[in-house]
Amino acid sequence: MSVLLEIRGLEVGYGAIPVLQGIDFDVEEGKTTVLLGLNGAGKTTTVGAISGLLKPWGGTISFEGERIDGLEPPALVDRGVTLVPEGRRVFPALSVAQNLRLGSWTKRKRGAELKDAEEKVYDYFPILLERRTQMAGTLSGGQQQMLAVGRGLMSLPKLILIDEASLGLSPALAKTVFNIVDRINADGTTVIIVEQNVGVLKHADNALVMEKGEIVYRGSGEELRSGDELRRTYLGGGDEEAAPAVARPTPAPAQAAAQASAPATSDDEPRSRRRSRARRAGKPGTG
Ligand code: ATP
């Protein structure tokens, strides 16, 4: 196993209040790691620290064997660490294409790779190609989420951190986004995905569960997915297909449009088979 990201004794807080009190974990290169936990567990704080938005109080973060804790977000994007923040945060008054171009700003000299990345983004999310001249603020919530992920990919990340991609999406649309995560990973990008939706587990190689600023479980996505007892213990008994571990807002009707043009999904295929098929075919891990 090759470790891309190594977190040791990470401490982060807000003001005088500590949140993470010395967490440790590794992220394997080329894999998808899911960070699960209920509201307030410390997931966003963790990815905020990795992506440079929050300054660690203590501990170390190493990426490709080098310390990156304390670096500013642009320097981290430059090295290949990109955060897709919770809440989409697209530029509403810019078009889809302009939003994507902004994502590529730090890598603007890598023309051929950017062209390839743009093609991939439009291939992952055909609705974005259809809507490329539309103002981002007029897209549905699901489409904005796709755009936020697409914009992240345009920075040519080696590691992409996606914070609560499924928040506010219908179960079907959340599955679509998770299937695209499979493709992104199959195409060579290491992924950390923050979720409360246990449906993500079939798309995860590794799973970490957080509770009150600590990692209380670490194992394979499959182990956590198939272990009813484990799921009950760590995730409050959420059934996998019941999706969220906590209540979610009802999706907006406009999201139906995005679903209509989204790739079909299959739920029962194990992660490893889905991914190797996605690799072979260059297609989503869908059936
Ligand atoms: P959620 O799914 O609700 O985003 P989370 O697991 O991502 O939950 P965090 O957002 O990391 O959790 O929050 C962890 C703790 O830090 C919570 O107790 C929260 O109240 C606190 N916290 C988060 N942001 C701030 C802030 N800006 N100022 C003060 N406390 C904060």
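## Residues around the ligand

Sorted by class, the shell around the ligand holds three nonpolar, seven polar and one charged residues. The model described here is a predicted one. The residues that make up the shell are Tyr14, Val19, Gly37, Asn39, Gly40, Ala41, Gly42, Lys43, Thr44, Thr45 and Gln196.

Helix α1, which covers residues 43-50, gives the most to this shell, with three residues. The helix also has a place against a sheet: α1 lies across β1, β2 and β4 (58-63) and runs at about 115° to β1.

## The four-stranded sheet

An open sheet is formed by four strands in the order β2-β1-β4-β5, and the pairing is antiparallel. The edges are taken by β2 (17-28) and β5 (66-67); each has a single partner strand, so one side of each is left without a neighbour in the sheet.

Strand β1 (residues 3-14) is joined to β2 by nine bridges, and the two run antiparallel. Within this pairing, glutamate 6 stands opposite aspartate 26 in β2. In general, the strands of a sheet pair through backbone hydrogen bonds, either parallel or antiparallel.

## The six-stranded sheet

A further open sheet consists of six strands in the order β6-β7-β8-β3-β9-β10, with mixed pairing. Here β6 (81-84) and β10 (214-220) stand at the edges, and because each has a single partner strand, one side of each is left without a neighbour in the sheet. On average, neighbouring strands of this sheet are turned by 15° against each other, direction ignored.

Leucine 208 stands opposite arginine 218 in β10.

Helix α7 (residues 171-186) lies across β3 (32-36), β7 and β8 (190-195), and runs at about 155° to β8. Helix α6 lies across β6 and β7 (159-163), and runs at about 170° to β6.

## Helix α6

Helix α6 takes in residues 141-153. At 1.5 Å a residue, its 13 residues should span 18 Å, and the end C-alpha atoms are 19 Å apart, which agrees.

Of the 13 residues of α6, 12 are buried, so the helix is largely enclosed by the rest of the structure. The buried residues are Gly142, Gln143, Gln144, Gln145, Met146, Leu147, Ala148, Val149, Gly150, Arg151, Gly152 and Leu153. As a general point, an α-helix has 3.6 residues a turn, so residues three or four places apart point the same way.

## Two residues with positive phi

Most residues other than glycine have a negative phi. Leucine 156 is not a glycine, yet has a positive phi of about 55°. This leucine 156 lies in the loop between α6 and β7.

The loop between β7 and α7 contains glutamate 164. With 21 C-beta neighbours inside 10 Å, glutamate 164 counts as buried.

Note on methods:
Residues are numbered from 1 along each chain as its sequence is written. This is a predicted model: local features need pLDDT of at least 70, side-chain atom pairs count only at pLDDT 80 or more; totals for chains, interfaces and linings use all residues. The expected span of a helix is 1.5 Å times one less than its number of residues. A residue is buried if 20 or more other C-beta atoms lie within 10 Å of its own, exposed if 12 or fewer, and partly exposed in between; C-beta atoms are placed from the backbone. A residue is near a molecule or strand if its C-beta atom, placed from the backbone, lies within 6 Å of it. Ala, Val, Leu, Ile, Met, Phe, Trp, Tyr, Cys and Pro count as nonpolar, Asp, Glu, Lys and Arg as charged, and the others, Gly among them, as polar. Two strands pair if DSSP finds at least two bridges between them. Two residues are in contact if their C-beta atoms, placed from the backbone, lie within 7 Å. Axes are lines fitted to C-alpha atoms, for helices over the stretch in contact, and angles run from 0 to 180 degrees between N-to-C directions.
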